Amino acid sequence: MTYLADVAALTRKDLRVELRAQDTLPAMLLFVLSTLVVFHFALPEGTGEDAAYGLLWVAIVFTALLGLARAWVPEQEHGVFDGLVLAPCDRSAIWVGKTVATLAFLLAAQVVALPAFALFFAPLDAVALVGVLLADIGICAVGSLMAAMAAAGRARELLLPLLLLPLSIPLIVGGVGSAISTEPERYLLLLALYDGIFAVLSWASFEYVVTES
Amino acid sequence: MIRAAGLEKRYGSRRVLRGIDFELPRDGFLLVTGSNGSGKTTLLRVIAGLAAPTRGKVQVDVHRGRVGFLAHEPLVYRALTALENLDLFGRLYRVPERRERIGMLLERFGLWEVRSERVEDYSRGMSQRLALCRALLHDPELLILDEPYASLDEHGAGLLDRELDELAGARTLVVSTHDPARIELLATQRLVLA
């Protein structure tokens, strides 16, 4: 229960910081909407829905990347990361809190982006929405860890996409597959497996990312 | 309480600490002095467990949850208020009777009136006083203070003097400073880094 209370306190803090500063969510919303508008005009007539679903995933991944690039900025300002690392709570709770908060921002961006996609291109059915949710969890779980690693380096804006994009490929395959395949359950299973494996790996390795040994 | 033997720290090819040996008993007060770049901050970070030595070892007989650390930066969230920051760290440090303890510290360091203002609106001196509240929040057994007088005006420095006077002999203290005259009477040991 203490662990969950720590996660809740850390998540609440992230949501509060974002509500005050409004550094991340407005940028994510603007980015995803303008990307969909650009795609709407860039895609030739009669291209078909499959291409549009692919472009949706480009928009989702890069919107998530935008949010993740700013995920640890509040901790870098004033050296708060050291304060959190010194606290006696389980350090993985810091990662879980950040993952949940980033997921909340991404879902909030998609509440606007997915209806816009349906308006411009094609509707998403329930299975495709489950695919989006599973992929969001995977992106935020792995992305929070990669963003913490990148934040410790000198060129975090460069490092984060280099670390995260290759790891996102299975999520894009699963997400697009769940929207266009005749057997979407196979792709949903792939996404669920990815989430489970990478969430456990990220949870277990976070301590080693944030401490010198 | 703290034993350092042959402590060395390098960043790449640059050697920041070399051959540091000392032993500080429980409730001792170690004053660390030295010129800019002599490794005071690095030594304090190693003792706090935030950096690992390249060679040698340091043994600190205190759980990390019982260490209070004041760094050059205040280690608090700029977008949150003093109350929100201290409440978060109070929860993470499992501080009993958290609200009473937070209220007492804010009163003691003259921040009660501005407790609901965001830290980004604080002056550097006020941020430093809040950082001291955060470091003392869980009544640590070992208190590590890196340049605690930096940014404090005379009133703030007086508050810190009073706090250190109370803590000396009752808690283990490691303090680095450029102004040793202010606290050298309280110190039981002195380490000069070259």
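Predicted model: local features only at pLDDT ≥ 70, side-chain atom pairs only at ≥ 80, totals over all residues.
Colleague: Understood. In β6(B), what is the bridge partner of Leu70(B)?

Modeller: The bridge partner of Leu70(B) there is Leu145(B). Strand β5 (residues 67–70) of chain B pairs with β6(B) in the parallel sense, and four bridges link them.

Colleague: How many bridges join β6(B) to strand β7 of chain B?

Modeller: Five bridges join β6(B) to β7 (residues 172–176) of chain B, and these strands run parallel. Within β7(B), Val174(B) stands opposite Ile144(B).

Colleague: Are the residues of β6(B) buried or exposed?

Modeller: Five of the five residues of β6 (residues 142–146) of chain B are buried, so the strand is largely enclosed by the rest of the structure.

Colleague: Which residues are on one side and which on the other?

Modeller: Leu142(B), Ile144(B) and Asp146(B) lie on one side, while Leu143(B) and Leu145(B) lie on the other.

Colleague: In what order do the five strands of the open sheet in chain B come?

Modeller: The order is β5-β6-β7-β3-β8 (chain B), with parallel pairing. The edges are taken by β5 and β8 (189–193) of chain B; each has a single partner strand, so one side of each is left without a neighbour in the sheet. On average, neighbouring strands of this sheet are turned by 10° against each other, direction ignored.

Colleague: And what joins strand β3 of chain B to β8(B)?

Modeller: Five bridges join β3 (residues 29–34) of chain B to β8(B), and the two run parallel.

Colleague: Which three strands form an open sheet with antiparallel pairing?

Modeller: Those are β2-β1-β4 of chain B, in that order. The edge strands, β2 (14–24) and β4 (55–60) of chain B, each pair on one side only. Neighbouring strands here are turned by 25° against each other on average, direction ignored. Strand β1 (residues 2–11) of chain B is joined to β2(B) by seven bridges, and Arg14(B) in β2(B) is the bridge partner of Tyr11(B).

Colleague: Let us turn to chain A. At what angle do the axes of α3 and α7 of chain A cross?

Modeller: The axes of α3 (residues 49–69) and α7 (residues 126–152) of chain A come within 10 Å and cross at roughly 40°. That makes α3(A) oblique to α7(A), and the crossing is right-handed.

Colleague: Which residues in α3(A) meet α7(A)?

Modeller: Val61(A), Ala64(A), Leu68(A) and Ala69(A) in α3(A) meet Ile139(A), Cys140(A), Gly143(A), Ser144(A) and Ala147(A) in α7(A). The contact comprises seven nonpolar residues, two polar and no charged.

Colleague: Finally, how many residues of chain A are in contact with chain B?

Modeller: 21 residues of chain A are in contact with 26 residues of chain B. On the chain A side, the elements giving two or more residues are α1 (2–21) and α5 (80–86) of chain A. The largest share, seven residues, comes from α1(A). That side divides into ten nonpolar, four polar and seven charged residues.

Conventions
Residues numbered from 1 in each chain as written. Chains lettered and ligands numbered in written order. Axes fitted to C-alpha atoms, helices over the stretch in contact; angles between N-to-C directions. Parallel < 35°, antiparallel > 145°, perpendicular 65-115°, else oblique. Left-handed = near helix turned anticlockwise from the far one by under 90°. Contact = placed C-beta atoms within 7 Å. Nonpolar A, V, L, I, M, F, W, Y, C, P; charged D, E, K, R; others polar. Buried ≥ 20, exposed ≤ 12 C-beta atoms within 10 Å, placed from the backbone. Pairing = 2+ DSSP bridges.
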